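The stops below can be selected one after another.

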Amino acid sequence: MKRFTEITLGILTAIGGFVDIGDLVANAETGARFRMGLAWAVVVGVVGIVVYAEMAGRVAAVSGRPVFDLVRERLGARVALANLLASFFINFLTLAAEIAGVALALELASSVNYLLWIPLVAALVWLVLWRGSFVPMERVFGLLGLALVVFGVALWHLHPEGLLASAMHPGPPTNESWGTYLFFAVALFGATMTPYEVFFFSSGAVEERWTRRDLNVERANVLIGFPLGGALSLLLMGTTATVLAPRGITVEHLSQVGLPVALALGKVGLAVLLVGIFAATFGAALETALSGGYTVSQYFGWQWGKFVRPNKAPRFHLVVLLATGLGGLLMLTAVDPIKVTEYSIVLAAAALPLTYFPILIVANDRDYLGDRVNGRVTNAIATVYLGLLVVVATATIPLMIMTKGGA
Amino acid sequence: MRLTDLLDADVVELGGGTLGHVHDVRLVQDGPPLGSVGATFRISGLIVGGTSFGARLGFARAAVRGPWLLKRLFRRLHADARFVPWSAVRGLTEGRIVIEARADDLRAPDPIG
Amino acid sequence: MAGRTEGLAGGQSGGRSGDQSGGHRGGRTIDAGLRLLDRQLIDVDGMLAGKVDDLELTMPAEGAPYVTAILAGPGSLSRRVGGRLGAKIEALHRRLHPSEAPGPASVSWGVVTDVGSSIRLSVGKASLPVDTLEQWTREHIIDRIPGSDRAPD
């Protein structure tokens, strides 16, 4: 059990990355509309994030330099600023959506309108970031988020048929267009490789005080955490593919995400699911709020981190405070949190290649890593993915316009 | 003078021909002693070339060994980079450096730094 | 010719021929834009103290210019960013330093102890002029919140 808790950074990063509020709804909707026909997009994305998070974590452990330091150093102050603006906006919009997501989970549990929960949630998120220590925070939310494995239990009880077949036959069903299919593929892939995951994971590596002796732990975090997150999103996809797809029900709201679980496991299942959703969205809120603080501080060179007293990292904490507060205010306007996450996808297009490219270069720099530089296989895979990221980045906006956001 | 006065400045020959832009400034640690680091870094010369896209990523260095495809791509892009020793610099104005050297005499920069 | 071949083996040649390709036996050789610019400054206590936004070089009467200081903070970042955003950053810098013609904050090269993946300094960040905004934020905002002094577990 003790060894298991050492991999919670990877688990939390993955959960906050691929089963946060936006992805819970997106994966559920994908299952309802395409059954498992887009499972490959999640798998492809997980391989990509495993390769790049491992590199980012390795660089951070050996040199102490997290991702945004590398972005500024290799791309220069101007280009890095463009990335910062895009990334910070994504972090902010996602953070706002997650705050609403936690409030929605509480609404489902209590029947109190989510808008009333928002101020409390925002305050609670900030309080955890101000007072809580990094490692316990990571353990609690990482482990609680694993309650989402209830999707797998529900799927088992639902006796699914033909899921593997639909996974093996990529392509849209008769009532969907290729444009929409590709848009969802790009969105799912982008969701598994969202930049804030590497910002959080590499800064988390420094928060955890990993050194070159901890590279095995670092690798375990990546190799277990991210595939686990991917498995959770695929299990969710499977439940809606089994229950909603045959009935032609589409997913638009968080409450529908839980329908298959309620059907299969009743109230108990739903209660466990709500705990999981609460933990995942709260964890994602922590992850995006911290990433906002990390990226801004790392661009300007300010002291950052929860491993120092708050008054030793004043500007970092100010950014976190403002982002959380303003995020809460934004969601009080009753704007749909799912729409908010959709807008952030557009910005991810710019941030994706500009974030991953510097990681790849520095992971090959012997002055940084000595003999721990990338091997040939890692480089080959990473280069292919870089190309893929550029393609995805250029395709996102046209696809979004063409398909009207996947309507 | 600031480093940014030199970076990306146009480099022209006395005769009028253009050589390109300053990609980077090569420093060598053999100047007068200053504080705890010992000898200061003085300019040994300029790395000058055509397009400066990706010139400061690090692929020109021996310490960055890969990825193979990217390294080849950027090496090819900057194959025209030349090292201009500081002794060849004749004039320095806003964004413009005048040197006295023949392009054929200039060599490619060593992959150090 | 022999000097040139030696020069390619990592700058071990002597004298003039070494100068032709930028390898030199006298001391360490680095490319400023790549190895110094935009790197993290770390003070003697391991705290982060800003980024290298620019370098100040002195032109002696004879010989090549040499690095005398690191420039950091909004005063020097403004020029790197350029445009209207750069102008706004410059304006912020002026507000922080209400003296007549505030130059960018500079860190004398004499306090640099190591040039690696980051730049290490021999002094604490509190003694550096780059810390102004940090101290302001600490005094006026962060220290007003209870628990700002609490040591992490």
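Start by selecting Val25(B) and Leu46(B), which stand opposite each other, the latter in β3(B). The model is predicted: local features need pLDDT of at least 70, side-chain atom pairs count only at pLDDT 80 or more, and totals for chains, interfaces and linings use all residues. Residues are numbered from 1 along each chain as its sequence is written, while chains are lettered from A and ligands numbered from 1 in the order in which they are written.

Now select strand β2 of chain B, residues 18-28. Strands here are DSSP runs of E, at least two residues, and helices are runs of H or I, at least four, both numbered from the N terminus. Nine of the 11 residues of β2(B) are buried, so the strand is largely enclosed by the rest of the structure. Buried means that 20 or more other C-beta atoms lie within 10 Å of the residue's own; exposed means 12 or fewer, and partly exposed is in between, with C-beta atoms placed from the backbone.

Two strands pair if DSSP finds at least two bridges between them.

Which strand of chain C pairs with β2(B)? Select β1(C), residues 29-31: the pairing is antiparallel, over three bridges. Ile30(C) is the bridge partner of Leu27(B).
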